[in-house]
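This report looks at a protein together with its ligands. It takes the ligands, the pockets and the strands in turn.

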Amino acid sequence: MDSIGSLGLQQREGAPSSPQEGLPCPSNSSELVQECLQQFKVTGAQLQQIQTSLLDSMEQALKGQASPAPAVRMLPTYVGSTPHGTEQGDFVVLELGATGASLRVLWVTLTGIEGHKMEPRSQEFVIPEEVMLGPGQQLFDFAARCLSEFLDALPVGNQGLQLGFSFSFPCHQTGLDKSTLISWTKGFRCSGVEGQDVVQLLRDAIQRQGTYSIDVVAVVNDTVGTMMGCEPGVGPCEVGLVVDTGTNACYMEEARHVAVLDEDRGRVCISVEWGSFSDDGALGPVLTIFDHTLDHESLNLGAQRFEKMIGGLYLGELVRLVLAHLARCGVLFGGYLSPALLRQGGILLEHVAEMEDPSAGAARVHAILQDLGLNPRASDAEFVQQVCAAVCTRAAQLCAAALAAVLSRLQHSREQQTLQIAVATGGRVFERHPRFLSILKETVMLLAPECDVSFIPSVDGGGQGVAMVTAVAARLAAHRCLLEETLAPFRLTREQLAAVQAQMREAMAKGLQGEASSLRMLPTYVRATPDGSERGDFLALDLGGTNFRVLLVRVATGGVQITSQVYSIPECVAQGSGQQLFDHIVDCIVDFQQKQGLSGQSLPLGFTFSFPCRQLGLDQGILLNWTKGFNASDCEGQDVVCLLREAIRRRQAVELNVVAIVNDTVGTMMSCGYEDPHCEVGLIVGTGTNACYMEELRNVASVAGDSGHMCINMEWGAFGDDGSLSMLSTHFDASVDQASINPGKQRFEKMISGMYLGEIVRHTLLHLTSLGVLFRGQQTQRLQTRDIFKTKFLSEIESDSLALRQVRAILEDLGLSLTSDDALMVLEVCQAVSQRAARLCGAGVAAVVEKIRENRGLEELTVSVGVDGTLYKLHPHFSSLVAATVRELAPRCVVTFLQSEDGSGKGAALVTAVACRLAQMTCV
Ligand code: G6P
Ligand code: BGC
Ligand code: BGC
């Protein structure tokens with residue numbers, strides 16, 4: 001017989017070895033035995049009360065409400081579905097904690113074919129007492145040594161092995177391979193392990209051992225292994241019940257009922273940890289003096305009170321305490337107490353199970369008692385059998401009450417009148433003690449009559465189930481690796497960003513000098529920011545962002561007042577003929593004038609035109625090329641102001657005085673500059689991206705003059721069009737570029753701006769789907785549709801206040817059906833793509849502010865950047881990441897970012913106002 005539980009109980013120093021030693025002994029021996037047995041009787045009403053109270057405790061724990069009494073824990077495991085039977089591969093399983101002082105290592109092969117099982121190879125090791133009670137590291141080192149010893153006998157070579165760790169103690173799990181021990185139970189009490197991740201401790205020990213390359217992929221409770229290893233019968237097996245050294249159950253709960261999970265779909269396996277149930281009201285009446293003594297002498301005083309009435313570690317001990325009491329009273333063994341009867345752990349579960357077995361017969365009972373150093377009389381055997389039966393019957397009945405609570409919970413959560421369910425059973429109490437299961441069944445039928453339960457014994461102690469979970473975990477880990485590999489090129493290092501900054505500086509210098517460069521560095525003829533003395537009413541147009549606007553801007557002493565209207569530019573107009581586009585613009589102006597009562601007035605007009613233009617003056621701008629999905633014919637190479645004037649002419653009876661054409665970056669800088677004189681940079685991160693800044697005129701080769709400043713429209717969207725960014729470009733960027741209307745152009749913009757980020761994400765998701773990492777590898781028509789994944793989804797999905805389930809709802813709206821793992825991965829893809837965008841943008845801004853600082857020969861520059869654009873404004877983290885990157889790459893510049901409130905139309909009006917003021921001054 002092996003020594004289940006001989007170490008679970010400890011003689012506490014100074015405590016009497018058996019408090020019941022002092023119990024009075026009635027004179028009649030049969031009366032005394034009956035009295036003892038009576039204490040172990042539990043009535044139907046008491047069982048019902050335990051069932052109800054346990055159910056209540058379960059429901060409170062699910063809701064996340066702490067109960068005043070130590071209650072069941074209801075710990076979510078990361079197991080979300082019962083096995084499909086398709087899992088395959090070779091796995092090593094290490095079992096610790098289920099069966100007394102032993103540790104088991106198994107080699108499990110999953111065939112992936114239902115019904116086709118291969119017998120696992122296994123080896124059991126006895127854990128020395130000093131290891132069970134010593135430092136944690138010693139225990140894990142012992143486990144690692146056992147693993148090596150087991151593997152040494154197998155032809156495994158130095159292949160990488162995947163291990164499933166069955167660790168049967170209450171743990172807070174935070175992942176399939178992350179689990180923090182809450183407290184030791186049963187006979188274990190190693191120091192320094194509670195509060196630690198046991199997977200990490202095992203990994204460290206394996207590493208210290210150093211003989212095999214073993215990855216600990218999953219950690220599970222023994223109940224979960226038992227449930228998962230159960231061959232599916234008529235239906236799936238959704239409850240795992242273990243009565244071994246300790247006791248516990250797990251079952252599949254609706255995820256939406258588990259408050260800590262923030263999940264509204266599917267099921268999750270919950271480890272009930274009912275061993276810690278100890279409601280005084282329900283358990284109090286059934287606790288005997290022997291239970292109190294047992295608890296008093298245990299390693300975990302006051303804890304696991306329910307387990308201590310059921311678990312195999314304790315049944316022998318309870319019998320011993322009763323027999324010792326009866327012997328002490330002279331009722332048994334002629335009053336003689338053998339050393340075994342006096343020693344904790346002197347009677348084991350195996351003794352009890354065998355003596356209680358009705359087929360054992362008196363002779364066998366005699367033999368066992370003699371083995372225990374006793375000299376039983378004829379009548380003793382019968383009494384001893386009765387004691388064993390009473391202790392075990394109570395255990396089975398209490399276990400049934402707990403199981404009935406789980407079944408009621410299942411029935412309730414599934415809203416079913418009758419519940420048909422399979423329960424997988426495992427543990428030595430079931431294996432060694434045939435009556436235990438029959439009493440359990442009988443009692444469950446009485447307590448949960450509406451449940452039709454079939455009990456399925458686990459064949460290999462759950463090893464198969466642990467391997468199943470490990471297989472799933474291994475698949476998920478492999479997916480995570482592929483995800484990381486896919487996203488790695490998006491994660492730019494500081495060195496890469498510094499290189500972008502340096503390249504940008506070089507391209508700026510070349511562009512200013514008129515040398516070949518992907519940065520055009522276009523002079524804007526804006527030489528000064530407003531000084532506040534501008535006055536008058538102005539019209540403004542704002543074309544090129546998400547919205548086309550017409551504005552009336554009143555610049556007065558009290559400030560600027562704006563009235564505006566948004567008009568749509570249908571795609572057929574944006575991509576039709578130039579004449580059509582400009583006629584449409586003029587129609588909108590006329591409509592606006594009529595609505596504002598401005599018809600017939602010829603107000604000065606500023607035109608925000610957010611495309612690259614070579615300007616020869618304030619009111620001359622030759623469109624170099626369209627960007628951002630505009631493609632109206634016959635415009636490139638033309639002066640946009642002329643095109644507008646011609647359209648005005650075609651639409652007779654309208655008079656408009658076009659004074660200035662302004663890029664949106666310039667409009668934004670001017671608009672913010674009206675409030676803050678330090679604002680000398682304009683930045684747009686919206687549909688497209690670009691920046692402008694105040695450059696020293698002497699550095700601008702194409703404009704005469706050596707003093708003063710000029711605002712330069714960098715057109716940084718085209719940065720890298722000479723191939724200089726190819727090192728950073730992923731194949732997703734290449735796909736987005738190829739599918740755009742301007743392949744090879746605006747490469748920097750295509751990595752940063754709103755028009756493209758959604759597409760980059762979509763291409764990345766398509767790739768991950770093709771690898772089988774996402775959406776179970778199923779490609780959907782929806783995801784293959786261009787522009788289906790809008791950039792605004794990135795902003796929504798990445799919002800901190802959103803729970804994962806809301807992320808999933810957003811994606812489901814797109815027609816994607818996905819699991820929570822999918823949702824998490826999509827979120828990570830969005831983050832990687834938007835972070836790269838923000839950091840690249842930050843590197844660009846760093847190049848600009850450093851240039852200004854150096855231009856001025858300053859040790860430190862204080863400067864403000866006026867910013868606009870939907871991505872910058874709506875994304876929850878974009879702006880802070882840009883700022884952080886600038887701080888990192890331009891530490892000598894103190895940069896303040898000002899968000900433009902009124903759009904760049906206001907800035908265009910201000911440029912117009914400045915021009916008018918200067919014109920008036922020249923007239924005077
Ligand atoms: C500003 C301007 C637009 C500009 C836009 C960029 O407010 O008024 O002309 O193009 O911001 O943002 P968007 O996200 O609309 O492209
Ligand atoms: C542990 C459980 C375990 C049970 C059966 C209890 O002591 O707390 O996690 O499932 O024993 O082994
Ligand atoms: C254009 C720039 C504009 C930017 C932001 C780019 O596509 O080329 O002129 O400033 O978008 O709207």
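**Ligand 2**

The model shown here is predicted. Around ligand 2 there are 15 residues, and the closest of them are T185, N221, D222, E273 and E307. By class, this shell holds 3 nonpolar, 8 polar and 4 charged residues. Two elements, α6 (222–228) and β10 (247–254), each contribute at least two residues to the shell around ligand 2.

Some of the contacts with ligand 2 can be described atom by atom. In the side chain of N221, an N or O atom is 2.7 Å from an oxygen atom of ligand 2. In the side chain of E307, an N or O atom is 2.6 Å from an oxygen atom of ligand 2. F169 takes part through its backbone: a backbone N or O atom of F169 is 3.4 Å from an oxygen atom of the ligand. How much of the accessible area of ligand 2 does the protein cover? On its own, ligand 2 has 310 Å² of accessible area, and the protein covers 100% of it.

**Ligand 1**

Ligand 1 has 13 residues around it, with D542, T546, T687, D868 and T870 coming nearest. This shell divides into 1 nonpolar, 9 polar and 3 charged residues.

A polar side-chain atom of T870 is 2.4 Å from an oxygen atom of ligand 1. For T687, an N or O atom in the side chain is 2.6 Å from an oxygen atom of ligand 1. At S904, a backbone N or O atom lies 3.0 Å from an oxygen atom of the ligand. Ligand 1 on its own has 380 Å² of accessible area, of which the protein covers 92%.

Rolling a probe the size of a water molecule over the atoms shows where empty space is left. The largest pocket contains about 1800 Å³ of space. It is lined by 48 residues, and Y78, L476, T819, S820 and D821 are the closest to its centre. Which element gives the most to this lining? It is α17, with 8 residues. The elements that each supply at least two residues of the lining are β6 (171–175), β8 (214–220), β11 (267–271), α17 (463–487), α27 (804–813) and α28 (820–855).

The second largest pocket has a volume of about 1100 Å³. Of its 39 lining residues, T546, K628, T687, G754 and M755 lie nearest the centre. T546 and T687 also belong to the residues that come nearest to ligand 1. At least two lining residues come from each of α19 (571–574), α23 (731–739), α25 (754–770), α26 (791–797) and α29 (870–874). The largest share, 6 residues, comes from α25.

**Strands**

Strand β2 (residues 88–96) pairs with strand β3 (residues 102–111) in the antiparallel sense, over 9 bridges. In the hairpin that these two strands form, 5 residues lie between the strands, and G97 takes a positive phi near 105°. β2 also pairs with strand β5 (residues 161–167), in this case in the parallel sense and over 5 bridges.

L94 gives an example of these pairings. Its bridge partner in β3 is V105, and its bridge partner in β5 is F165.

Elsewhere, an open sheet is formed by 6 strands in the order β14-β24-β23-β22-β25-β26, with mixed pairing. Why is one side of β14 and of β26 left without a neighbour in the sheet? β14 (522–523) and β26 (893–899) stand at the edges and each has a single partner strand, so one side of each has no neighbour there.

For β14, the pairing is with strand β24 (residues 709–713): 2 bridges join them, and the strands run antiparallel. P523 has I712 as its bridge partner in β24.

Technical notes
Residues numbered from 1 in each chain as written. Chains lettered and ligands numbered in written order. Predicted model: local features only at pLDDT ≥ 70, side-chain atom pairs only at ≥ 80, totals over all residues. Heavy atoms only, no water. Near = heavy atom within 4 Å. Polar contact = N/O pair within 3.5 Å; in protein donor to acceptor, adjacent residues only side chain to side chain. Areas by Shrake-Rupley, 256 points an atom, 1.4 Å probe, with all protein chains shown as cover. Helix = DSSP H or I, 4+ residues; strand = E, 2+ residues; numbered from the N terminus. Nonpolar A, V, L, I, M, F, W, Y, C, P; charged D, E, K, R; others polar. 1 Å grid on protein atoms, 1.4 Å probe; cavity = no way out; pocket = protein on both sides within 12 Å on 5 of 7 lines; lining within 4 Å. Points joined across faces, edges and corners; volume = space filled by probe spheres on them. Pairing = 2+ DSSP bridges.
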